[in-house]
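Me: I have a structure open and would like to talk it through. Could we go over the ligand surroundings first and the side-chain contacts after that?

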Amino acid sequence: MKILLYNPDNGVTRNFMPHLWMFLLRALTPPGHEVILIDGNAQPMDEQSIARYVREHGIGLVGIGAMTRMIAKAYRMADAVRAAGVKVVMGGPHVTEMADEALGRDGGARHADAVALGEADETWPRIVEDAVRGTLKDVYAPVDGFGQERKPSLQPYPEIPWDKIDLKQFNVLPGILQPLLKRVGAGWGTFRIIPVESGRGCPYGCEFCTVTGFFGDSIRFRSNESVVDELLRLKARAREEGGQIAVFFIDDNFAINVKRTKSLLRDIIAANAQVHWVAQISANLLRDEELVDLIAASGGKWIFIGMESIDPANLADVKKGFNKPGEYAVVLDRLAQRNVFAITSFIFGMDNDTPGVAERTLKEIRTWPPGLPIFGLMTPLPATPLYKRLEAAGRLTRPKHWQEFIPFAMAHTPLKMSIEEAHTEVRIGWASSYSPEAIGKAVESVNHKPLGYRINILIARLCFRGIYFPQMGRFAWLKAILENRRTIFKLIRQGFAGGLHAAAPPIAARAVAERRN
Ligand code: B12
Ligand code: SF4
C-alpha cells in the first residue's frame with residue numbers, strides 16, 4: 001500500500017523544520033509499504049492539490065498530524081482526501097484531546113476515519129495492518145493488555161534512515177543558489193534543520209502546556225549510543241551532499257536530568273558527533289556552569305528558553321514559579337560568554353499583565369546579549385489546566401478558537417487588560433524586536449565577535465520571524481532582505497575586509513559597549 005503522511009501548515013505562516021512524527025512513523029511502518037512524506041510547511045498544498053495527489057499517486061491511506069493551530073487546515077485537507085475516496089487517520093496532540101471532534105461525534109462533520117490517541121509508536125503498525133485489511137477502527141489507544149495507558153520506552157529507538165530518505169523538500173536554502181553555495185567553505189549546497197529527540201515527558205506541569213498531560217510527567221530517554229549514532233549518520237549525509245545540517249533537539253526540557261544530559265553531551269564530543277544544535281532548556285537548569293561548557297563544546301548554538309514573563313506573580317499563576325526573572329540576565333550572559341545564544345519566549349495577556357507589559361519586557365531584553373525574542377499570547381489549548389480554569393470561570397470568549405485559526409488573537413479575556421490591549425502588546429513586542437533597526441542593533445552588539453556570529457544572528461532573526469509572520473514566499477523574502485539591506489551590506493563589506501573570522505572595527509564595538517552601559 002502507498003501511504004501518504006501529511007503535516008499541514010497553519011494556513012498563514014510556516015515552520016522551517018520538518019516534523020519528527022512523520023519520519024518516526026515512516027521508520028515504524030511494517031515492511032512492504034511505500035511511505036511518502038509531505039510537510040505543508042515546505043511543500044504548500046491546498047484541498048484540490050492533495051485530492052489530486054492521492055488520486056494520481058494511488059495512495060491507499062493518508063495519515064495527518066497536527067497541532068491545535070493547524071487543525072482547521074488539517075480537517076479541510078482530511079475532508080478533501082476522504083471525498084477522493086481515501087481513508088484518513090489523524091494523530092497528534094489536538095485530536096488526542098478532541099477525538100470526538102475529529103470523528104464527528106460532537107455534532108459536527110466527521111473528518112477522520114480513525115484517530116490515533118497519544119504516542120502512536122506502538123499503535124501505528126496495527127493501524128497500517130487494519131487499513132490494508134479494510135478493518136480500520138475509529139480509535140487506536142496505546143494501552144496494554146489490562147487497558148492501562150502504555151508509553152513507549154524509547155529503548156530501543158527506531159533507526160530513522162537519514163542516509164536514504166528524500167529530504168529535498170526540507171532544504172532551507174533557495175534552489176537557484178545551491179550550485180554556488182556548494183562550493184562555499186565546507187559546502188552550503190544544502191542546509192537542513194533536522195528534529196531529533198533524546199527523551200520525552202516533562203514533570204513541571206505548567207498550566208498552559210500540553211506536554212505534561214500528553215507525554216506524562218515521568219521522563220523516558222533514548223540511550224546515548226542511539227542519539228550519537230543518529231547524529232553521526234546526519235553528519236555523514238551532510239558531508240556527502242556538500243551541505244550543512246543543524247539539529248533541533250525537540251525534547252521539551254533537554255536538560256531535565258542534568259546528569260544524563262552531561263553524559264550524552266560528553267558522548268557526543270567523544271564520538272566526534274558534534275553538529276550545530278538547538279534545544280529547549282528551562283533557565284533554572286542553566287545555572288550549572290559545567291553543563292553550559294558541555295553545551296558549547298558539543299555544538300550547542302541556540303537554547304530556547306520559555307521565560308514567559310518577567311513578572312513573578314504571572315509565573316506563579318501558571319505554575320511556572322521555578323522561573324526566576326532575577327536570574328535571566330545571568331543565565332544569558334553565561335551562555336553568550338560561550339557563544340551560545342538564546343531564543344527567549346514570552347507570553348503576553350497573562351492574568352497579572354497590564355498595558356505597557358511589552359515595553360517593560362523589551363526594556364529588560366535590551367540589557368541582555370542579543371538573541372531571538374519571541375512573543376505569543378496566552379492561549380487555552382484543549383485539555384490543559386488553563387483551559388479548564390478559564391472555562392470554569394466563564395472567561396473563554398472563543399471556546400473553540402481552533403476552528404478558525406487567527407494568528408495572535410486571544411480566546412479569553414485577561415484579568416487586568418482588554419483583549420485588544422493584549423493584541424497591541426504582542427504587536428509592540430514583535431515590531432520593536434524585528435524592525436530593520438532592531439535587527440541591525442542586535443547584529444552590531446556582537447561586533448566584537450567573529451563575523452560568523454553576526455551572520456548567525458541576522459539569519460536566525462530573519463528565519464525565526466517567518467514562523468510567526470507570513471514570510472516564506474519568494475516575494476516576502478525579497479521584502480525582508482530589502483528592508484534589512486543596510487545590515488546585510490555592512491556584513492558583506494566586513495566579510496570582504498577581513499574574512500569570516502574577523503571582528504568588526506574596534507571603534508564600532510566600543511560604541512556599542514558604551515551604548516549598552
Ligand atoms: C518542535 C516543536 C515545535 C517546532 C515546529 C514543529 C516541528 N517542526 O517539529 C517550532 C519550534 C517551530 C514550534 C512552534 C510552535 N509550537 Co511547538 N512544539 C514542538 C515540540 C517541542 C516537539 C514536537 C515533536 O516533534 N514531538 C515529538 C513527536 C514524536 O511527538 P508528536 O509530534 O506528538 O508525535 C507523536 C504523536 O503525537 C503521534 N502523532 C503525531 N502526529 C501523528 C499523525 C498520525 C497520522 C498518527 C497516526 C500519529 C501521530 O505519534 C507520534 C509518535 O508517538 C512540541 C512538544 C512535544 N514534545 O511534542 C511542541 C508543541 C507541538 N508546540 C506547541 C505550540 C503551542 C507551538 C507554538 C504555537 C508555540 C508558540 N506560542 O509560539 C508554535 C506554533 C508555530 C506555528 N508555525 O504555528 C504545542 C502544541 C499544543 C497543541 N495542543 O497544539 C506543543 C505540544 C508544546 C506545548 N507547550 O504544549 N514547535
Ligand atoms: S517546562 Fe516547558 S514542557 Fe515542561 S510543562 Fe512547562 S512549558 Fe511544558
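Predicted model: local features only at pLDDT ≥ 70, side-chain atom pairs only at ≥ 80, totals over all residues.

Me: Which residues come nearest to ligand 1?
Reply: Asn15, Thr68, Arg69, Asp121 and Asp252 come nearest, out of 39 residues around ligand 1.

Me: How does the shell around ligand 1 divide by class?
Reply: The shell around ligand 1 holds 22 nonpolar, twelve polar and five charged residues.

Me: And which helices and strands each supply at least two residues of that shell?
Reply: They are helix H1 (20-28), strand S3 (61-65), strand S4 (87-91), helix H8 (211-215) and helix H18 (451-468). H1 gives the largest share, with four residues.

Me: Which backbone atoms lie beside oxygen atoms of ligand 1?
Reply: For Thr68, a backbone N or O atom is 2.6 Å from an oxygen atom of ligand 1. For Ala120, the corresponding distance to an oxygen atom of ligand 1 is 2.9 Å.

Me: Moving to ligand 2, what surrounds it?
Reply: Ligand 2 has around it Cys202, Tyr204, Gly205, Cys206, Phe208, Cys209, Thr212, Asp252 and Lys320. By class, this shell consists of five nonpolar, two polar and two charged residues. Asp252 is also listed among the residues that come nearest to ligand 1.

Me: Changing topic: which residues make up the nonpolar patch on the surface?
Reply: Phe489, Ile492 and Phe496 form that patch, and together they have about 370 Å² of accessible area. Phe496 belongs to helix H20 (residues 485-498).

Me: Is Phe496 buried or exposed?
Reply: Phe496 counts as exposed because its relative accessibility is 74%, and the cut-off for exposed is over 50%.

Me: What about Asp39, buried or exposed?
Reply: Asp39 is buried, at 1% relative accessibility. Asp39 is located in strand S2 (residues 34-39), and its side chain makes a polar contact of 2.8 Å with the side chain of Asn41.

Me: Now the charged pairs. How many salt bridges are there?
Reply: The count is 34 salt bridges. Side chains of opposite charge can pair when their charged atoms come close.

Me: What is the partner of Asp130?
Reply: Asp130 pairs with Lys137 in a salt bridge, with the closest N and O atoms 2.9 Å apart. Asp130 is buried, at a relative accessible area of 4%, whereas Lys137 counts as partly exposed at 44%.

Me: Where do Glu241 and Arg237 lie?
Reply: Both are in helix H9 (residues 224-241), four residues apart, which is about one turn of the helix. Arg237 counts as buried, at 11% relative accessibility.

Me: And how far apart are Glu444 and Lys490, N to O?
Reply: The distance is 3.4 Å, in a salt bridge between the side chains of Glu444 and Lys490. Glu444 is in helix H17 (residues 436-444) and Lys490 is in helix H20, so this pair ties together parts that are 46 residues apart in sequence. Glu444 is partly exposed at 22% relative accessibility, and Lys490 is partly exposed at 37%.

Me: Which residues do salt bridges with shared partners join into one network?
Reply: That network contains Glu119, Asp121, Glu149, Lys151, Glu197, Arg200 and Arg220. Asp121 is also one of the residues that come nearest to ligand 1.

Methods. Residues numbered from 1 in each chain as written. Chains lettered and ligands numbered in written order. Heavy atoms only, no water. Near = heavy atom within 4 Å. Nonpolar A, V, L, I, M, F, W, Y, C, P; charged D, E, K, R; others polar. Polar contact = N/O pair within 3.5 Å; in protein donor to acceptor, adjacent residues only side chain to side chain. Patch = residues over 30% accessible without salt bridge, like charges linked within 9 Å, V, L, I, M, F, W, Y side chains within 5 Å. Areas by Shrake-Rupley, 256 points an atom, 1.4 Å probe, with all protein chains shown as cover. Salt bridge = Lys/Arg side-chain N within 4 Å of Asp/Glu carboxyl O. Buried < 20%, exposed > 50% of the residue type's maximum accessible area, 1.4 Å probe, protein only.
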